[in-house]
Amino acid sequence: WSQSVCAPCSGNASLSLETRDGFAGVVEFELVLAAGNVSRVFQIRVVAVNRRPEFNIPSLLKMDEDAPCASSCSDETTAGGHSCGSEAGNLSCVRLHDANATCSVSRFASQISAGAQNSDRATQNVSFTIVLVSGESSAFRIFPVISSHASGSNDDFEALTFALYPHRFGNFTFNVTAHDDGPRVHGGEWMATSQFVLAVHGIND
């Protein structure tokens, strides 16, 4: 591949180029001054910049009080004879009567990626932190947690696990932040945040 930089050249000349999206590495060029039969070899190093992780979560998770939910709940499963599926784009989970069980919502975080670049997805892990924005943290016997996502995983989803104490209900709002372990230099981004509401409906005893 060859490209004329200037013809004819006089004094200074400028070089411009554009790499394809996501490219990082070293490119070597040879600059040839045809008239004088002179050439110079130079390299351009394109430094990788970390892209922020990506993921999706439902904005609303609904359940009833006083019993931990099904051990697994997703768009395709049922629990206790009740439908466990999406309502207006939100995930709904029905709880079962077992005071010692936990609620595990499979595929709660989906389309998980360490970033838009292939190099990000192939080498970086994604972990999640959950922060309670509104609601009482004392309502939880086990505070919500989302499993970490390992690089090279064949799946792009992880589960949400938690447990409430009996007779606790109300709305709980959480911020979920995904972190990858890529470099932060050169303006690299390593966090992305989304929010969901856990709505626990009070049941008359």
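Author: Cys103 stands opposite Phe162 in strand 12. This is a predicted model, in which local features need pLDDT of at least 70 and side-chain atom pairs count only at pLDDT 80 or more, while totals for chains, interfaces and linings use all residues. Residues are numbered from 1 along each chain as its sequence is written, and side-chain values use heavy atoms, with hydrogens and water left out.

Reader: What makes a stretch a strand or a helix, and how many of each are in the chain?

Author: The names come from DSSP runs, numbered from the N terminus: a helix is a run of H or I of at least four residues, and a strand is a run of E of at least two. By that rule the chain has 14 strands and one helix.

Reader: Why are strand 9 and strand 12 said to be joined, and how many bridges are there?

Author: Two strands pair if DSSP finds at least two bridges between them. Strand 9 and strand 12 run antiparallel and are joined by four bridges, so they meet that condition. Strand 3, residues 54-56, also pairs with strand 9 in the antiparallel sense, over two bridges, and Asn56 stands opposite Ser110 in strand 9.

Reader: Why is Val105 called buried?

Author: Buried means under 20% relative accessible area, exposed means over 50%, and partly exposed is in between (1.4 Å probe, protein chains only). Val105, which has its place in strand 9, has a relative accessible area of 0%, and therefore counts as buried. In space, Val105 is 9.5 Å from Leu61, C-alpha to C-alpha, although the two are 44 residues apart in sequence.

Reader: How do you know that strand 9 is largely enclosed?

Author: Eight of the eleven residues of strand 9 are buried, which is why the strand is described as largely enclosed by the rest of the structure. Arg107, however, also lies in strand 9 and counts as partly exposed, because its relative accessibility is 45%. Both Arg107, with a phi of about 60 degrees, and Gln111, with a phi of about 50 degrees, have a positive phi although neither is a glycine.

Reader: What makes a set of residues a nonpolar core, and how many residues has the largest one?

Author: A nonpolar core is a set of buried Ala, Val, Leu, Ile, Met, Phe, Trp, Tyr and Cys residues joined through side-chain atoms within 4.5 Å. The largest here has 27 residues, and those with the most contacts inside it are Phe128, Leu160, Phe162 and Leu198. Several strands supply at least two residues each, including strand 4 (60-64), strand 11 (140-146) and strand 14 (191-201), while strand 9 gives the most, with five residues. In soluble globular proteins, nonpolar side chains tend to be buried together.

Reader: Which residues does Leu198 touch?

Author: Contact means heavy atoms within 4.5 Å. Leaving out residues up to four places away in sequence, the residues that Leu198 touches include Leu61, Met63, Phe140 and Phe162.

Reader: Why is the pair of Phe140 and Phe143 called edge-to-face?

Author: Rings of Phe, Tyr and Trp (its six-membered ring) pair if their centres lie within 6.5 Å; planes under 30 degrees apart count as stacked, over 60 as edge-to-face and the rest as tilted. Phe140 and Phe143 are 5.9 Å apart, centre to centre, with 65 degrees between the planes, so the pair is edge-to-face. At 6% relative accessibility Phe140 counts as buried, whereas Phe143, at 33%, counts as partly exposed.

Reader: What does the pair of Phe140 and Phe162 tie together?

Author: Phe140 lies in strand 11 and Phe162 in strand 12, so their pair ties together parts that are 22 residues apart in sequence. This pair is also edge-to-face, at 6.4 Å centre to centre and 75 degrees between the planes, and both residues are buried. The structure holds nine aromatic pairs, and ring pairs link Phe140 and Phe162 into a cluster whose members also include Phe108 and Phe196.
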